[in-house]
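Student: Can we go through this structure together? I'd like to start with any cross-links.

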Amino acid sequence: MKKINKTVAAQITSGAFKFLGLAFVLLVIVVLVIPFTLSIIKGRDIAPVDDSKLQLQTINIPVEDNSFYDLEKTRDIINTNSVPKGKQLVSDYLTSAEWDEEAVEQLLADNEVALQHFTDAAAKGLFQLPDADDQSKISLDMPVTPLNSWRETSRLSGVKAIWLASSGRSEEALDEAFKSIIVGNAIENSQGLVITHLVGIAIKNTGLDVLQKVISKIPSDSRLLAEYKLKLESLQATGNSAPYITEYLVTKEALANVHNDRYNQFGLVSKILLKNKFYYKQNLTQSYYFDFYNNLSIEAGKNCAEVKTVQSQSMLLEESNFIKMYFTENALGKSLMHIPEVALNNVLASKCATEAKLKETILLFENRE
């Protein structure tokens with residue numbers, strides 16, 4: 001009986017070793033043999049991407065003519081302590097005519113220096129971010145320029161314009177409202193990052209909101225209406241693909257440094273896959289980004305009535321579907337695709353919404369004449 005038990009135990013042990021051996025062989029085949037074979041048989045990448053279409057110009061604006069330096073002077077000097085209790089400059093600047101006049105006057109007095117810098121910026125009408133005036137400066141390590149003070153100063157200017165209009169000083173009010181439109185338009189049409197472009201659109205939009213309120217306070221027989229309508233017509237945005245090209249160039253550099261631990265936080269598995277020519281193809285991955293940003297830059301140059309939503313290739317894979325990913329060419333390259341598709345299309349939409357508001361404001365001028 002003991003002999004029989006030993007035989008059964010030996011069979012179980014032998015079967016366990018065979019199972020473990022088979023599992024080990026299968027693991028080696030799945031983890032090493034098949035990926036290595038795929039890398040050899042289907043590891044050929046496409047030719048380098050010809051991205052000569054997406055190049056930036058060298059912009060030369062003298063320091064004394066560049067409103068950037070005036071806007072930079074507004075940093076850290078904005079004082080909103082005089083905004084009435086229960087109000088916020090961000091959301092309530094358009095209702096400044098309803099604030100206590102003493103509070104408004106104090107707010108403007110507290111920010112006289114910032115408002116003067118904003119006036120100087122508008123007088124120049126030219127803008128260029130120095131860190132983006134040449135393609136050689138575009139990199140992952142570009143310094144981040146704080147932009148919030150620019151928007152705050154624009155809102156303060158809006159408060160001042162509405163206050164002037166409420167005081168019957170129509171021409172001064174129009175001039176003040178136009179400052180945000182001029183500054184915003186200059187930033188929007190400049191060469192730079194998408195975030196800077198968006199701030200330009202936002203400042204221009206603020207100016208248009210203020211201008212519409214100012215127009216409503218101006219007598220309908222005023223000679224100023226026709227004069228300022230012509231001025232507004234000259235401030236329509238131009239087609240500007242530079243922000244999207246800049247984003248592409250930053251992405252391109254990120255891909256070029258994909259093996260550099262300084263710029264990525266890949267785990268061990270991803271680092272191994274990066275070395276497999278089937279699962280990661282540098283040029284093919286770059287082509288996904290090029291196609292998207294090239295199409296986006298084309299749309300950016302169109303009339304708003306013709307702009308279409310730009311879609312990236314469907315690159316996202318179901319991470320839970322291991323089999324699908326296992327046999328997908330350039331699976332890692334596709335999983336790296338994190339194009340903010342909706343956000344970038346919304347930038348185009350924001351520009352067109354602001355331009356629609358500009359045309360609407362032109363009609364307000366005409367209806368008041």
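Student: Which cysteines form a disulfide here?
Tutor: Cys304 and Cys352 do, with their sulfur atoms 2.3 Å apart. A disulfide here is a pair of cysteine sulfur atoms within 2.5 Å. This is a predicted model: local features need pLDDT of at least 70, side-chain atom pairs count only at pLDDT 80 or more, and totals for chains, interfaces and linings use all residues. Residues are numbered from 1 along each chain as its sequence is written, and side-chain values use heavy atoms, leaving out hydrogens and water.

Student: How many disulfides does a search of the whole structure find?
Tutor: It finds one.

Student: What parts does the pair tie together?
Tutor: Cys304 lies in the loop between α12 (282-300) and α13 (322-326), and Cys352 is in helix α15 (residues 341-368), so the pair ties together parts that are 48 residues apart in sequence. Helices (H or I, at least four residues) and strands (E, at least two) are DSSP runs, numbered from the N terminus.

Student: Is the link left-handed or right-handed?
Tutor: Left-handed, with -90 degrees about the S-S bond.

Student: And is Cys352 buried or exposed?
Tutor: Cys352 is buried, at a relative accessible area of 18%. Cys304 counts as partly exposed, at 27%. Buried means under 20% relative accessible area, exposed over 50%, and partly exposed in between (1.4 Å probe, protein chains only).

Student: Let's zoom out. How many helices and strands are in the chain?
Tutor: The chain has 15 helices and zero strands. Of its 369 residues, 46% are buried.

Student: New topic: the largest nonpolar core. Which residues have the most contacts inside it?
Tutor: Trp150, Tyr244 and Tyr293, in a core of 45 residues. A nonpolar core is a set of buried Ala, Val, Leu, Ile, Met, Phe, Trp, Tyr and Cys residues joined through side-chain atoms within 4.5 Å.

Student: Which elements give two or more residues to this core?
Tutor: They are α2 (68-72), α5, α7 (170-188), α8, α10 (242-256), α12 and α15. The most come from α10, with seven residues.

Student: What is Trp150 in contact with?
Tutor: Leaving aside neighbours within four places in sequence, its partners include Phe68, Leu71, Phe118, Phe127 and Ile203. Contact means heavy atoms within 4.5 Å.

Student: What about Thr196: buried or exposed?
Tutor: Thr196 is buried, with a relative accessible area of 4%. It is found in helix α8 (residues 194-216). Beyond its neighbours within four places in sequence, Thr196 touches Phe127, Leu129, Leu147 and Ile187.

Student: Now helix α4. Which of its residues are buried?
Tutor: In α4 (residues 101-110), Ala103, Val104, Leu107 and Leu108 are buried. They are on the same side of α4, because they cover an arc of only 135 degrees around the axis. That arc is taken from the directions from the helix axis to the C-beta atoms.

Student: What do those buried residues pack against?
Tutor: They pack against α5 (112-124) and α6 (148-166).

Student: And what happens at the start of α4?
Tutor: A side-chain oxygen of Asp100 comes within 3.0 Å of the backbone nitrogen of Glu102.

Student: Last one. How far apart are Asn295 and Ser312 in space?
Tutor: They are 9.3 Å apart, C-alpha to C-alpha, and 17 residues apart in sequence. Asn295 is found in helix α12, and Asn295 is partly exposed, with a relative accessible area of 35%.

Conventions
A polar contact is a pair of N or O atoms within 3.5 Å; within protein, one must be able to donate a hydrogen and the other to accept it, and residues adjacent in sequence count only if both atoms are side-chain atoms.
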